[in-house]
Amino acid sequence: FGYFLRRVLPVIQALADWGLCWARSNLREQDYDVELLMLYLKRSIVPEKLAGGETVIHFRFTDVKAHARWWILVRDRDVDLCVSDPGKDVDVWFTTTVRTMVDIWMGDTTYRHALRSGALTLVGPTALTRTVTDWMRNSGYADLPAANRI
């Protein structure tokens with residue numbers, strides 16, 4: 001079975017890449033899902049790049065009414081996602097739209113560009129705000145262009 005999987009995996013990966021390229025060029029506003037985005041952002045956290053025993057990250061999305069606020073708690077190597085205030089001091093505050101955060105995570109824009117344009121407000125200690133790309137990685141597909149850009 002291992003031999004088969006090693007042979008088929010590149011084909012499956014190529015199909016996934018192709019599908020994502022086409023899907024990215026056809027996204028509509030209703031396709032942007034804050035809950036799915038937050039699950040992906042949670043998985044993008046790199047705990048070993050955060051100093052201290054606990055880091056609390058708060059997201060406020062200005063374009064949604066339901067679930068507009070989210071918290072990611074990082075304790076040592078554990079990463080938890082909360083939809084209600086965990087009652088802890090926040091270390092980093094993100095204020096943006098779901099689309100802007102998706103665009104950053106997918107590599108269609110950068111934190112720097114979103115900050116300069118005013119599409120993103122990022123507040124917290126410089127040690128965290130300047131290293132956000134180290135402790136919260138982009139999608140593994142961020143290097144794939146949308147089909148309309150190929």
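Colleague: How do helix 2 and helix 3 pack, and how far apart are their axes?

Modeller: In this predicted model, helix 2 (residues 34-44) packs against helix 3 (residues 98-105) at an angle of about 40°, and the axes lie 11 Å apart. The crossing of helix 2 and helix 3 is left-handed.

Colleague: Which residues of helix 2 and helix 3 meet?

Modeller: Helix 2 brings Val34, Leu37, Tyr40, Leu41 and Ser44, while helix 3 brings Val98, Met101, Val102 and Trp105. By class, the residues of this contact are eight nonpolar, one polar and no charged.

Colleague: Turning to the rings, what describes a pair of aromatic rings?

Modeller: The distance of the centres and the angle of the planes describe such a pair. In this structure there are five aromatic pairs. One of them joins Phe59 and Phe61, which are stacked with 6.1 Å centre to centre and 10° between the planes.

Colleague: Are Phe59 and Phe61 buried or exposed?

Modeller: Both Phe59 and Phe61 are buried. Phe59 also forms a stacked pair with Phe94, at 4.5 Å centre to centre and 15° between the planes.

Colleague: Which parts does the pair of Phe59 and Phe94 tie together?

Modeller: Phe59 belongs to strand 1 (residues 54-61) and Phe94 to strand 4 (residues 92-96), so the pair ties together parts that are 35 residues apart in sequence. Phe94 is buried, as is Phe59.

Colleague: Which residues form the aromatic cluster?

Modeller: Phe59, Phe61 and Phe94 form one aromatic cluster together with Tyr111 and Trp135.

Technical notes. Residues numbered from 1 in each chain as written. Predicted model: local features only at pLDDT ≥ 70, side-chain atom pairs only at ≥ 80, totals over all residues. Heavy atoms only, no water. Phe/Tyr/Trp six-rings, centres within 6.5 Å; stacked < 30°, edge-to-face > 60°. Buried < 20%, exposed > 50% of the residue type's maximum accessible area, 1.4 Å probe, protein only. Helix = DSSP H or I, 4+ residues; strand = E, 2+ residues; numbered from the N terminus. Axes fitted to C-alpha atoms, helices over the stretch in contact; angles between N-to-C directions. Left-handed = near helix turned anticlockwise from the far one by under 90°. Contact = heavy atoms within 4.5 Å. Nonpolar A, V, L, I, M, F, W, Y, C, P; charged D, E, K, R; others polar.
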